[in-house]
Amino acid sequence: MKIILSKGASEIGLAIMLKDLITQNLEQNPRKLTDFKRLNISIGLEVTDAEIKLTLEFANNALTIHPGMQNQPKLNITTDSATVMNLSNQKIKWGLPYYFDETGREIMAAMKSKKLEVKGMITHFPSLIRFSRVMSVHG
């Protein structure tokens, strides 16, 4: 498992935070390594209120975080910084994101109001679930 900040990404606070968060999640919960290793997809992340765009490129048991949108990501997540934090704090139950607590309801409300948009979620649903489990600080 390797997480790399590409040139330019090391100057972006969100990229550093995501690297640290995912590293810590994998170290604290080794079961998440299975999901990490099975991820083989580029995920675009646009944080609208911070005006930041990143590409998270999962390939060959590694994650490379790039500044901007690179190589047409298959999954694209557009949201604000508060919702990004909620996504990392979302509980996982029975292997799936849990939407029946306060954090889950806030995420659902953000989707309903279009404050959170996920393009490609139907065609890449298994990857979205794996990414959710890797991102979450919960088991």
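1. Searching the whole structure, which is a predicted model, turns up one cavity of 30 Å³ or more. The space in the largest cavity comes to about 60 Å³.

2. Lining the largest cavity are I43, L45, L56, I77, V84, L87, F131 and M135. Two or more of the lining residues come from each of strand 2 (42-47), helix 3 (81-88) and helix 5. In terms of class, this cavity lining has eight nonpolar residues, with no polar and no charged ones.

3. The largest pocket holds about 250 Å³ of space. Its lining consists of 16 residues, and those nearest the centre of the pocket are L87, Q90, Y99, L128 and S132.

4. Which element gives the largest share of the lining of the largest pocket? Helix 5 does, with six residues. Helix 4 (102-112) and helix 5 (125-135) each contribute at least two residues to this lining.

5. The pocket lining is made up of 14 nonpolar and two polar residues, and charged residues are absent from it.

6. A further point on helix 5 concerns S127, which is located in that helix. Is S127 buried or exposed? S127 counts as buried because its relative accessibility is 12%, and the cut-off for buried is under 20%. Apart from neighbours within four places in sequence, S127 makes contact with L39, I41 and L75.

Definitions and conventions. Residues numbered from 1 in each chain as written. Predicted model: local features only at pLDDT ≥ 70, side-chain atom pairs only at ≥ 80, totals over all residues. Heavy atoms only, no water. 1 Å grid on protein atoms, 1.4 Å probe; cavity = no way out; pocket = protein on both sides within 12 Å on 5 of 7 lines; lining within 4 Å. Points joined across faces, edges and corners; volume = space filled by probe spheres on them. Helix = DSSP H or I, 4+ residues; strand = E, 2+ residues; numbered from the N terminus. Nonpolar A, V, L, I, M, F, W, Y, C, P; charged D, E, K, R; others polar. Buried < 20%, exposed > 50% of the residue type's maximum accessible area, 1.4 Å probe, protein only. Contact = heavy atoms within 4.5 Å.
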